[in-house]
Amino acid sequence: MSFNINITKVEQSKVDALDFDNIPLGTTFTDHMFICDYENGEWINPRIVPMGLIPTHPAAMALHYGQAIFEGMKAYKDTHGEPMLFRPDQNAKRLNTSADRMGMPHFPEDLFVEGLKELVSLEHNWIPPKDGSALYLRPFMYADEPFIGMRAATHYKFIIMASPAGPFFSKRIKLWAEKQFIRAAHGGTGEAKAAGNYAAAIRPTELAKAKGYDQVLWLDAAEHKYIQEVGTMNIFFKIDGAFITPKLDGSVLDGITRKSVIDVLRNKGLNVIERLITLQEIKEASQNGTLEEAFGAGTAVGIAYIQEIGLEGETIHVSDESPVGLEINNTLDAIKTGKEEDKFGWMLKTRKELA
Ligand code: COI
């Protein structure tokens with residue numbers, strides 16, 4: 001389907017003011033954003049406008065009842081300078097899975113991809129050229145109907161904004177295994193990329209950081225025994241030659257980097273097992289020397305190498321190096337930047353805007 005996306009450009013781009021060697025985390029936004037409104041049961045008026053404030057009624061339902069979901073993805077430049085998107089169809093699908101759980105309308109998947117292509121084409125000068133950097137894209141949807149009362153909203157906004165990003169972690173990371181607070185219980189919203197999941201994680205994360213950890217390792221809600229995921233990523237352990245990652249059981253985010261890592265590992269002939277995994281098993285593997293490495297996988301972080309896991313009164317040493325994690329990271333980066341053949345068919349070209 002073709003869409004009529006109205007484009008209003010800024011008079012003067014701010015891109016020249018950005019120091020691409022020193023990109024501040026999450027605070028710089030490109031010149032434009034994509035917006036679409038939901039009214040009377042349909043998405044209308046898709047448009048690209050200068051980045052700016054959006055008038056919001058104080059009774060906007062997202063502010064009170066939390067109907068707000070989002071996606072995270074990145075655009076890269078290939079070796080010819082062409083802007084490329086990584087698996088945007090997967091983000092479009094996942095947004096709608098989140099929308100289902102949160103009682104929100106689906107956003108048309110082809111308009112999701114088209115909006116991204118238009119925005120990234122327009123903002124291609126903002127894609128950082130350096131290895132490990134990218135243009136982070138944040139599609140999101142929220143209820144903007146002013147109403148006091150508990151029901152699904154009838155008005156929503158879907159927006160895509162873009163923010164240039166450098167590498168997330170520059171060192172091996174430490175995780176805090178959280179036994180007091182939980183992220184997701186069966187039947188809850190754990191699988192949805194819902195703003196509220198992140199809201200509930202903020203205080204536990206701040207407490208973990210105060211203890212010297214980088215992110216929280218979430219355990220299951222019932223027994224605090226099974227590993228689910230990490231603050232902003234899924235997790236993989238290499239034990240006795242096999243890669244184990246928590247299976248998707250409705251409480252774990254269906255990460256796009258997670259599924260890509262699984263495909264790359266299997267393509268390299270490595271054994272990947274998706275199953276329940278206990279913290280106790282990781283502790284024993286660390287003690288008996290079969291825990292070879294572990295890494296997190298997420299859009300914002302890419303691949304994050306794990307040094308240790310802390311819990312009340314003890315530390316589980318994971319590993320001081322991550323040779324396979326590094327290899328997977330290099331393979332993914334090479335595919336995303338066109339240095340390696342895209343044998344999985346993951347990359348989607350946008351286009352450079354014609355001057
Ligand atoms: C992402 O990795 O894109 C995420 O959405 C995590 C975010 C909270 C930084």
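## The largest cavity

Six residues, Arg183, Asn197, Tyr198, Ala201, Trp218 and Gly231, line the largest cavity of this predicted model. A cavity is a set of points on a 1 Å grid over the protein atoms alone where a 1.4 Å probe fits but cannot get out, and lining residues have an atom within 4 Å of a point. The structure holds one cavity of 30 Å³ or more, and the space in the largest cavity is about 30 Å³. A volume here is the space filled by probe spheres set on the points, which are joined across faces, edges and corners.

Helix 4 (residues 195-210) contributes the most to this lining, with three residues. Helices (H or I, at least four residues) and strands (E, at least two) are DSSP runs numbered from the N terminus. By class, the lining of the largest cavity has three nonpolar residues, two polar and one charged. Ala, Val, Leu, Ile, Met, Phe, Trp, Tyr, Cys and Pro count as nonpolar, Asp, Glu, Lys and Arg as charged, and the others, Gly among them, as polar.

## Basis of the model

Residues are numbered from 1 along each chain as its sequence is written, and side-chain values use heavy atoms, with hydrogens and water left out. The model is predicted: local features need pLDDT of at least 70 and side-chain atom pairs count only at pLDDT 80 or more, while totals for chains, interfaces and linings use all residues.

## Aromatic contacts

The count comes to 14 aromatic pairs. Rings of Phe, Tyr and Trp (its six-membered ring) pair if their centres lie within 6.5 Å; planes under 30 degrees apart count as stacked, over 60 as edge-to-face and the rest as tilted. Tryptophan 176 and tyrosine 213 form a tilted pair, 5.3 Å centre to centre with 50 degrees between the planes. This pair links distant parts of the chain, with tryptophan 176 in strand 9 (residues 173-178) and tyrosine 213, 37 residues apart from it, in the loop between helix 4 and strand 10 (215-219). Tryptophan 176 is buried at a relative accessible area of 6%, and tyrosine 213 is buried at 13%; buried means under 20% relative accessible area, exposed over 50% and partly exposed in between (1.4 Å probe, protein chains only).

Phenylalanine 243 and phenylalanine 295 have ring centres 6.2 Å apart and planes at 50 degrees, so this pair is tilted. Phenylalanine 243 belongs to strand 13 (residues 242-246) and phenylalanine 295 to strand 15 (residues 291-298), 52 residues apart. Both phenylalanine 243 and phenylalanine 295 are buried.

## Charges over rings

Lysine 211 lies over the face of tryptophan 176, 4.4 Å from the ring centre. A charge sits over a ring if NZ of Lys or CZ of Arg is within 6 Å of the ring centre and within 35 degrees of the ring normal. The charged end of lysine 336 sits over the ring of phenylalanine 86, at 4.8 Å from its centre.

## The largest pocket

The largest pocket holds about 980 Å³ of space; a pocket is an open set with protein on both sides within 12 Å along at least five of seven lines. It is lined by 41 residues, of which Tyr136, Arg138, Phe168, Thr232 and Ala300 are the closest to its centre. Helix 4 supplies the largest share of the lining of this pocket, six residues. The lining of the largest pocket comprises 19 nonpolar, 13 polar and nine charged residues.
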